[in-house]
Amino acid sequence: MKEHIKIEDPYDSKAFRKIGHELIDVLANHLEAVQTGAHSVYPHKNPNKELEFWQNDFNDELSHPLSLFKTIIAHSTQLQHPKYIGHQSASPAPITSLVALMVDFLNNGTGVFEMGPASNAMERIITDFTAKKVGYHASASGLLTSGGTLANLTALLAARREKAPSAIWQNGHKENLAVMVSEEAHYCIDRSARILGLGDKGIIKVPVDKAFKIRPDLLQKHLEEAKSKGLHVFCIVGCAGSTATGSYDDLNALAKFSKTNNLWFHVDGAHGGAVVFSKTHKKLVSGIEKADSIAIDFHKMLMTPALNTALLFKRGSDIYKTFAQKAQYLWDTPETEEWYNSAKKTFECTKRFLSANAYVILKTYGKDIFEKNIDALHESTQILTKLVLEHPKFELAVLPESNIVNFRFIPHSNLNELELNNLNLQIRKELVESGQFYIVQTTIKGKRYLRCTIMNPLTSNADFVELIHTIEKIGLTLYDVLIK
Ligand SMILES: Cc1ncc(COP(=O)(O)O)c(C=O)c1O
């Protein structure tokens, strides 16, 4: 690599063309290798050693980008691998890598129309398309945000603006405000409420039933208790589905409760809201169209790389009121609704060209491709669930409604909970370090479970059979060593 680099060099089109062609070949070869299992799913690394490796690399001489790319790939977790059954991140449709190349090349933002004409128009189309799948009327509107966390925070801000007794955006906090949410909600709801200044007392966690769904019979009691403490509850959040188990709250019951009590109803569908695209599985979110706002991640069950979330509002005009603010250098009037100036609707100013992913996937593979993906992931979930249920040494935490399966290995009935927790912890550690499978773990009511989220439609029946056998083999060996 030459050392005397001119500022023109990073912009050289010939070098770009050459590296680009080579990189696509590297990625396509890699995709083949992971899809055929010729590559491990996780490159087990010690965090400090990994840091040291990259520190040394950074301080070393300049390198050719292709050799750098190959090293990064080798040091990365392989989400395209059918044996990646871990976190709730999509195995993105590979076409989206080409989308990334294009949108980063263009670097068109979505804050104002003139920074991204196609970007703003496509964002409108994708959010309108998703709103229609939800069952919202044409007056609904939406935007894309960089993630479900930001979408949920934005929804709570909208809820507060609409339902708090005073104008907090203008005058600051006066009342003691609170939100109600299932105790199984994702931590970002708790965090968002704290960012809004609600504090410990402003987050009312409602217990769940055996299926990990919020208990509608306890809602009124919790609301009355909050009122008696001088709290003003302005919002109830429903899980569709919850992070640990993928359980769906009864959205019809929550809608009714919110209407009776004049609360904003937000659905955190970051993970499971995607089922609105499936005729078969949409029943899981029955009543979702009654929500005031809904967050749905494209980067979970909708084949899209992170981050990419739709935040939808039943009444489109709500979207513009949330961040009413003067930014004269961006737009002329803060009050008007201009769908094409996206920054009016969102916390983000410069925002990536997010809409291209879903748009390109739908235009390339058809408007029902998300439905096919959702259906395939749910079918795979049933296969794994059946294997777990049929095996006498495995225990399922809860019958999955979504694509999340939690189970644990119980080699012998004489083990206590502490031993079982430790055994399952060690099983996962060994399994993941072997590079054969990538799964995660979770603790539910004090019990440690192995947690699989089926994100790749290419994960096969044979992969699940192998997973169960491998866990059993590791588990029995560990049982002999650790416990027996
Ligand atoms: C139910 C739920 N809500 C919100 C989030 C946060 O979404 P994101 O990671 O897109 O910020 C998650 C993430 O797993 C989730 O499962």
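**Overall build and the setting of helix H9**

Of the 484 residues in the protein chain, 51% count as buried, where buried means under 20% relative accessible area. The model is predicted. The protein chain exposes about 23000 Å², and 55% of that area is supplied by carbon and sulfur atoms.

The secondary structure consists of 15 helices and 11 strands. The protein chain has a radius of gyration of 24 Å, close to the 23 Å that the globule rule gives for 484 residues, so it is as compact as a globular protein of that length. The C-alpha trace spans about 70 × 60 × 40 Å along its principal axes. Among contacts with a separation of 6 or more, 71% are between residues 24 or more positions apart.

Charge can be described for the chain as a whole. There are 55 positive and 53 negative side chains, and the centres of these two sets lie 5 Å apart.

Helix H9, residues 219-228, gives a local view of burial. Its buried residues are Leu 219, His 222, Leu 223 and Ala 226. Seen down the axis of H9, they fall within an arc of 100°, so they line one face of the helix. An α-helix has 3.6 residues a turn, so residues three or four places apart point the same way.

What lies over the buried residues of H9? The cover includes strand S2 (177-182), strand S3 (203-206) and strand S4 (232-239), together with helix H10 (251-260). After H9 comes Gly 230, which has a positive phi, near 85°.

Technical notes: Residues are numbered from 1 along each chain as its sequence is written. This is a predicted model: local features need pLDDT of at least 70, side-chain atom pairs count only at pLDDT 80 or more; totals for chains, interfaces and linings use all residues. Side-chain values use heavy atoms; hydrogens and water are left out. Helices (H or I, at least four residues) and strands (E, at least two) are DSSP runs, numbered from the N terminus. The radius of gyration is taken over C-alpha atoms; the globule rule is 2.2 Å times the number of residues to the power 0.38. Buried means under 20% relative accessible area, exposed over 50%, partly exposed in between (1.4 Å probe, protein chains only). Contact means heavy atoms within 4.5 Å. Accessible areas come from the Shrake-Rupley method with a 1.4 Å probe; for residues, only the protein chains shown count as cover. Lys and Arg count as positive and Asp and Glu as negative; His and the chain ends are not counted. The place of a charge is taken as NZ of Lys, CZ of Arg, CG of Asp or CD of Glu. The arc is that of the directions from the helix axis to the C-beta atoms.
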